[in-house]
Amino acid sequence: MIVICKSSAIESQIKAIEAEIGKHGLQVHRSDGVAHTILGVVGDRSGVDPQSFATMPGVREVLQVSTPFKLASREFHPDDTVVYVGDVKVGGTELAVMAGPCAVEGVEQIETTAQFVSSHGARILRGGAFKPRTSPYSFQGLGEEGLKMMRSAADELNLAVVTEVMTIDQIPLVSKYADLLQVGARNMQNFPLLTELGKANKPIFLKRGLSATIKDWLMSAEYILSSGNAQVILCERGIRTFETATRNTLDLSAVPVVKQLSHLPIIVDPSHGVGDRRYIAAMARAAVAAGADGIMVEVHPDPARALSDGPQSLTFEQFAALINRCRIIGTTLGRRIPKGTDR
Ligand code: PEP
Ligand code: MN
């Protein structure tokens with residue numbers, strides 16, 4: 001249920017409505033829009049008559065939200081949400097470029113990559129320190145050492161950092177080094193983790209699960225939002241289908257569908273989406289054309305020697321070419337990729 005306040009509603013009226021909702025043991029999530037304030041009401045509403053709020057001073061109307069995800073829905077928050085990652089705005093007119101290696105492998109690898117991607121307009125450095133590998137025998141990441149390397153490489157260039165947090169007990173450590181906490185595809189329905197991230201003081205980057213519907217994915221976002229963290233960015237990274245020519249099937253239709261259903265920003269990761277560097281640039285261009293708020297791509301100084309996801313890692317040259325083309329497409333749609341910072 002959402003309570004839409006009149007545009008003329010004054011603060012004391014809004015506070016009184018919030019208090020009345022609270023008396024029924026329900027949770028209120030407030031969203032101050034351009035036109036009016038909307039109160040999202042969640043919790044067990046059995047025995048509560050929604051119309052009892054409709055007559056309160058300052059209330060314009062009380063509506064039932066038609067989707068099972070409430071706080072993630074566009075009905076609750078009609079304007080696009082802009083999420084701050086450090087000082088980078090995700091979801092505004094600027095297209096976010098998140099780039100870097102699959103995994104942090106060493107100081108030189110992360111520094112040279114950070115320098116190159118930054119010089120082409122990336123403002124968020126990606127890299128895994130805790131890696132969710134399919135095989136227990138594969139490289140699992142450098143842990144805290146990797147986080148330190150990434151943080152210092154990013155700080156040199158004024159970049160923000162996104163990296164994965166795999167377990168609840170890693171949250172404080174990863175939060176110390178990262179500006180954006182990534183939930184990997186394999187953890188999208190790890191509900192205890194999502195609930196804890198709802199209490200974290202950092203924005204969350206929620207990747208779509210391998211076999212999750214868009215509804216499942218938005219319900220996972222709802223876990224984070226309803227636990228108190230309004231800063232959620234969605235990431236389409238491909239889903240499992242019968243097709244084997246690509247690693248996953250990148251569902252670009254998720255971009256306009258999510259934009260319709262939700263106010264949350266959406267980023268596309270074509271690297272995990274197709275798993276083959278030959279196809280990544282085309283899908284990145286298509287993602288920008290479809291209206292994504294940015295892209296996440298894997299880039300490595302020497303992909304043949306990468307310790308993880310080498311086949312889908314772009315060379316520096318390929319990354320530069322991809323950005324140049326995405327920049328042109330973005331411009332035609334009124335979205336810009338910031339100029340690179342050559343140092
Ligand atoms: C990653 O981005 O490093 C990653 C492991 O992606 P995903 O969870 O989408 O497989
Ligand atoms: Mn990877």
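A residue is called buried under 20% relative accessible area, exposed over 50% and partly exposed in between, using a 1.4 Å probe and protein chains only. The model is predicted: local features need pLDDT of at least 70, side-chain atom pairs count only at pLDDT 80 or more, and totals for chains, interfaces and linings use all residues. Residues are numbered from 1 along each chain as its sequence is written, chains are lettered from A and ligands numbered from 1 in the order in which they are written, and side-chain values use heavy atoms, with hydrogens and water left out.

**Loop residues with positive phi**

N158 lies in the loop between α4 (144-157) and β9 (160-164); helices (H or I, at least four residues) and strands (E, at least two) are DSSP runs, numbered from the N terminus. With a relative accessible area of 55%, N158 is exposed. Its phi is near 60°, a positive value in a residue other than glycine. D309, in the loop between β14 and α11, also has a positive phi, near 55°. D309 is buried, because its relative accessible area is 17%.

E298, in strand β14 (residues 294-298), and D309, in the loop between β14 and α11 (316-332), are eleven residues apart. E298 counts as buried because its relative accessibility is 1%.

**The surroundings of ligand 1**

H272 also belongs to the shell of ligand 1, together with R126, K131, P132, E164, Q182, G184, A185, R186, K207 and R237; a residue is near a molecule if one of its heavy atoms lies within 4 Å of it. This shell divides into two nonpolar, three polar and six charged residues. The table lists polar contacts, that is, pairs of N or O atoms within 3.5 Å.

| Side chain (N or O atom) | Distance to an oxygen atom of ligand 1 |
|---|---|
| Q182 | 2.9 Å |
| R186 | 2.9 Å |
| R237 | 2.6 Å |

Taken alone, ligand 1 exposes 300 Å², of which the protein buries 96%; accessible areas come from the Shrake-Rupley method with a 1.4 Å probe.

Methods: A polar contact is a pair of N or O atoms within 3.5 Å; within protein, one must be able to donate a hydrogen and the other to accept it, and residues adjacent in sequence count only if both atoms are side-chain atoms. Ala, Val, Leu, Ile, Met, Phe, Trp, Tyr, Cys and Pro count as nonpolar, Asp, Glu, Lys and Arg as charged, and the others, Gly among them, as polar.
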